[in-house]
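Please find below some comments on the model, arranged as numbered points for discussion.

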Amino acid sequence: PELSDDAAGWPVRILKDAIADGVPYKDMLITSEHCLFFDGKFVPARMLVNGVSIFYDKSITSYDYYHVETEQHSVITADGMLTESYLDTGNRSSFSQEGTVVRLGGQKRTWADHAGAPLCVERSFVEPLFRALELRENCVAGCRVPMEESEITLDPDLHLVTDTGATIRSMRHKGQQYSFMLPPETKSVRLVSRASRPADVIGPFVDDRRSMGVAVADVHLLCAKQTHDITSHLQAEKPEGWHESDWTDCAWTNGNAVLPLGESLTDGKMGILS
């Protein structure tokens with residue numbers, strides 16, 4: 001339960017008639033990654049969760065999950081809804097088989113080479129589906145009351161935590177530049193901030209579930225009147241807690257990212273990181 005809803009294991013409940021009249025013909029329960037079939041493409045259920053007619057059912061904390069495997073990955077009907085048969089992309093060990101059941105194949109498969117239809121997570125395709133299902137909510141019995149939206153803030157609450165566990169607040173903040181006074185012998189710091197996921201803030205139809213803190217461009221360490229450029233977060237192999245960005249001159253933190261400082265402060269001097 002400490003994980004995000006889509007990763008925690010809660011089943012997704014799709015209410016009767018949520019997709020169309022008679023689709024599904026009764027409430028449908030599936031896992032968040034299970035795919036539904038629309039216009040020739042498979043879409044993961046998690047990307048259509050609106051919290052009203054399609055939602056994570058947190059009253060169910062333990063359940064058995066049944067999947068149907070066909071010789072070729074296929075579109076099948078379940079509860080009146082077009083959905084998928086089992087595609088073994090590497091999680092076969094999470095299922096058990098009982099009785100006189102013959103296992104088909106056993107080789108790991110991929111969506112690109114073995115899927116019965118393309119897997120589509122592009123916003124341009126999924127968001128119109130999401131909006132169309134939102135418009136049906138007044139026609140669906142048993143819809144939940146919309147949950148209150150989380151408050152959004154532009155204050156990142158950016159601060160540092162040193163390798164000794166000390167919290168350091170900025171001594172100067174101008175525009176998008178923050179400056180921090182570092183104690184001697186500091187070898188690395190963590191850039192800590194508020195963070196959120198695009199899939200939560202924009203909508204589940206955005207297939208970006210990274211925890212995003214702040215975007216960081218230039219980092220300078222001033223020590224003994226010498227300036228050192230810190231570039232580890234811009235390298236291809238990044239320290240813990242960093243994400244690539246669409247820009248070449250910066251990288252995203254995950255809200256708790258390591259920033260190594262090298263040997264610049266080991267001579268017992270204070271430093272200013274900005």
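1. In which helix does valine 201 lie? Valine 201 lies in helix H4, which spans residues 198–201, helices (H or I, at least four residues) and strands (E, at least two) being DSSP runs numbered from the N terminus. This is a predicted model, in which local features need pLDDT of at least 70 and side-chain atom pairs count only at pLDDT 80 or more, while totals for chains, interfaces and linings use all residues. Residues are numbered from 1 along each chain as its sequence is written, and side-chain values use heavy atoms, with hydrogens and water left out.

2. Valine 201 is partly exposed, its relative accessible area being 45% (buried is under 20%, exposed over 50%, partly exposed in between, with a 1.4 Å probe and protein chains only). Together with Ile152 and Ile202, Val201 forms a nonpolar patch on the surface, for which the accessible area comes to about 290 Å².

3. Threonine 253, in strand S17 (residues 251–253), is by contrast buried, with a relative accessible area of 0%. Leaving aside residues up to four places away in sequence, threonine 253 touches a set of residues that includes Ser193, Ser211, Met212, Trp242 and His243, where contact means heavy atoms within 4.5 Å.

4. An open sheet of three strands runs in the order S2-S1-S5 with antiparallel pairing, two strands being paired if DSSP finds at least two bridges between them. Strand S2 (28–30) and strand S5 (54–56) stand at the edges with a single partner strand each, so one side of each has no neighbour in the sheet. On average, and with direction ignored, neighbouring strands of this sheet are turned by 25° against each other. Between S1 (residues 12–14) and S5 there are three bridges, and valine 12 stands opposite tyrosine 56 in S5.

5. Strand S8 (residues 159–162) pairs in the antiparallel sense with strand S12 (residues 188–192) over four bridges, and also with strand S9 (residues 167–168) over two bridges. Leucine 160 has leucine 191 as its bridge partner in S12, and leucine 160 stands opposite isoleucine 168 in S9. The hairpin of S8 and S9 has four residues between its strands, and glycine 165 in the turn shows a positive phi of about 95°.

6. A further antiparallel pair joins strand S14 (residues 219–223) to strand S15 (residues 226–230) over five bridges, with valine 219 opposite isoleucine 230. Two residues lie between the strands of this hairpin, where alanine 224 takes a positive phi near 55°.

Key: Axes are lines fitted to C-alpha atoms, for helices over the stretch in contact, and angles run from 0 to 180 degrees between N-to-C directions. Patches are made of residues with over 30% relative accessible area and no salt bridge: like charges are joined within 9 Å, nonpolar side chains (Val, Leu, Ile, Met, Phe, Trp, Tyr) within 5 Å. Accessible areas come from the Shrake-Rupley method with a 1.4 Å probe; for residues, only the protein chains shown count as cover. A salt bridge is a side-chain nitrogen of Lys or Arg within 4 Å of a carboxyl oxygen of Asp or Glu.
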